[in-house]
Amino acid sequence: MSEVTIDKSLLGMAVVHNGLIVLESCQAILRRDYVNMRGKVKLISGGIAGNELLCTEFVGPGMLTAAVLGNIFCAPSKNNVLRVIEEIKSDDPSGILLIVPDYAACLINFTWAKLRAMERGYNVKIFRVTANLQPATQEQSFLSAQFLYKIAGAMSEEGKDIDEIYSVCNHITSNGILHHLKSAKFTKRCEMEIFSDSAEHMSELLANTLSTVPPNEHNKNSRNTNKIYDDHEIAIMINSFGFRELETYTFILDILKQMKMYSLQVKRIYVKPLISSSNTKSFDICVLNLLIIPGLLKYLDFPTSAPAWPKILTSDILELKEDSEINLSTQGKYCKHKNIVDEKLQGPLMGYETGQTFLSIISIACEAVIACTKQLNTLDQEFGNGMYGTSLARGAQAIKDAIQENKMLATYPCVTFTQISHIIERTVDGVQGGLYSLFFNNIAKVFSKYENNKQITVDMWLNALITANDAIKELHISYLDDQVLVAVLMKVQFSLMNALNENVDPIAAFGIAVTAAENFTLNAIHMRSSDAKTNKKFKYLHPEAHAVGIWLRGAYEGIKLKLLNHIAK
């Protein structure tokens, strides 16, 4: 990586974060307001430029005053470090603290610059970031440095003097307050299942390498400050090398479970992904003991505008009490399943026996879907994930169970279809679950608009079908797979309308509409958008179209079996 590339990258950073400014021909970036920092200790760090610019994005109020980069595989040059010191020193006697990663070349060049600065009368101290992991890579040393940047930066903003800031940083690294853990390396093809093993490996390091003492196995009267005990409060910084967020947060949950086994109170978690140059994945964790030095949590929470400091939403920000035991999930105030009593009893009313017949017809339609689960899954192997039948059957079974458990109100069709909509919403996956839920919800709305004393007619049912179809059409679905449901339902609507206009018996007209749906499925040619140019035809029926024919056929056979017998009585 050339000097030109580094300078351009730093200029780009300054464009994005206009609170930063680049020191020309120096490969350094500074707080734009550094000249106004009178009475505050200035903090400088630096490192090797690579895939990540590392410390440069930790420059800002509440953290570093300046950061200097070297070329790739090279530490910042001695002259560049000295030039940054001279630039930010002004006439302020507060002093400058150099926070240097545990990397030999960096330490040598920063030390040289410090000596030259002291010769010129500047108040400069140097602090070497060390971790209890030897040998430490640049990234591992940098992980520990992030905590020190934040704590030292917050202390500087509070006006603490350079000796006090240096003392705290030194105490943190030399007295076992800061610990470094490294997970085993994984290949790029590692699976989610290994994270629990990795977290358990981290827990063993916590117990063995760091002398963490499990509950009831230590004498509280003879504690050593360089040990983490089971009741200590800690903050952890996690670097994920090469992992996606999905994988990283899965690992975090597992490592917290392991730490909870030792009754460690994890007060803060910070995640900072870095790029690993090798073809492996790994997690590095830095553990900061918060109980040895008072005020560390306050410094971690101190506001900073440094771009790279991991932002977290804490209970304090929301002005909520932070309990020692925090619930990670909630069923929610408004997430309770709806019950019959929650629905308004609107629309026309059925008699009790008619209502029971109505529920029987719905059950038969559900049984038809359940019976065809494997068939629909087979069809879906060509179009989806092969689980469409399972998803639809889950909703059908839930509706059938609600009927058998007398949780479904049949005397008001408005309520019945609303309940069906809610059940489908929470049991059927994907877009199809949403479409079916909207479909039945709009049928319910149509019935709710009629007066209670109105007799249920064929026109009501047809109006409900038209309205529900129009509601789905208004979504303007563009994906071909999801258009199929709308298309087959529209075919049912037009066939039913035509039959009724020809004065066909309503039940027979419904049978004609069912047959139209089945014929539509047989004649439909499904094409994916990616196959449109090749006009590729698929082997199987489209599962979503076929499913409509299945539940409509079940409902029609149920009407003939149940309703006609009910009318005959």
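Strands are DSSP runs of E with at least two residues, helices are runs of H or I with at least four, and both are numbered from the N terminus; two strands pair if DSSP finds at least two bridges between them. This is a predicted model, in which local features need pLDDT of at least 70 and side-chain atom pairs count only at pLDDT 80 or more, while totals for chains, interfaces and linings use all residues. Residues are numbered from 1 along each chain as its sequence is written, and side-chain values use heavy atoms, with hydrogens and water left out.

Strand β3 (residues 42–48) is joined to β4 by 5 bridges and the two run parallel, with Ser 45 standing opposite Ala 67 in β4. Strand β2 (residues 28–31) runs antiparallel to β4, to which 3 bridges join it, and Ala 28 stands opposite Val 68.

## Burial of β4

In β4 (residues 66–70), 5 of the 5 residues are buried, so the strand is largely enclosed by the rest of the structure (buried means under 20% relative accessible area, with a 1.4 Å probe and protein chains only). Ala 66, Val 68 and Gly 70 point one way, whereas Ala 67 and Leu 69 point the other way.

## Helices α9 and α11

The axes of α9 (residues 352–371) and α11 (residues 388–404), which are lines fitted to C-alpha atoms over the stretch in contact, come within 9 Å and cross at roughly 150 degrees. The two helices are therefore roughly antiparallel to each other, a term for angles over 145 degrees.

Where they meet, with heavy atoms within 4.5 Å, the residues of α9 include Leu 359 and Ile 362, and those of α11 include Leu 392 and Ile 403.

Notes
Axes fitted to C-alpha atoms, helices over the stretch in contact; angles between N-to-C directions. Parallel < 35°, antiparallel > 145°, perpendicular 65-115°, else oblique. Buried < 20%, exposed > 50% of the residue type's maximum accessible area, 1.4 Å probe, protein only.
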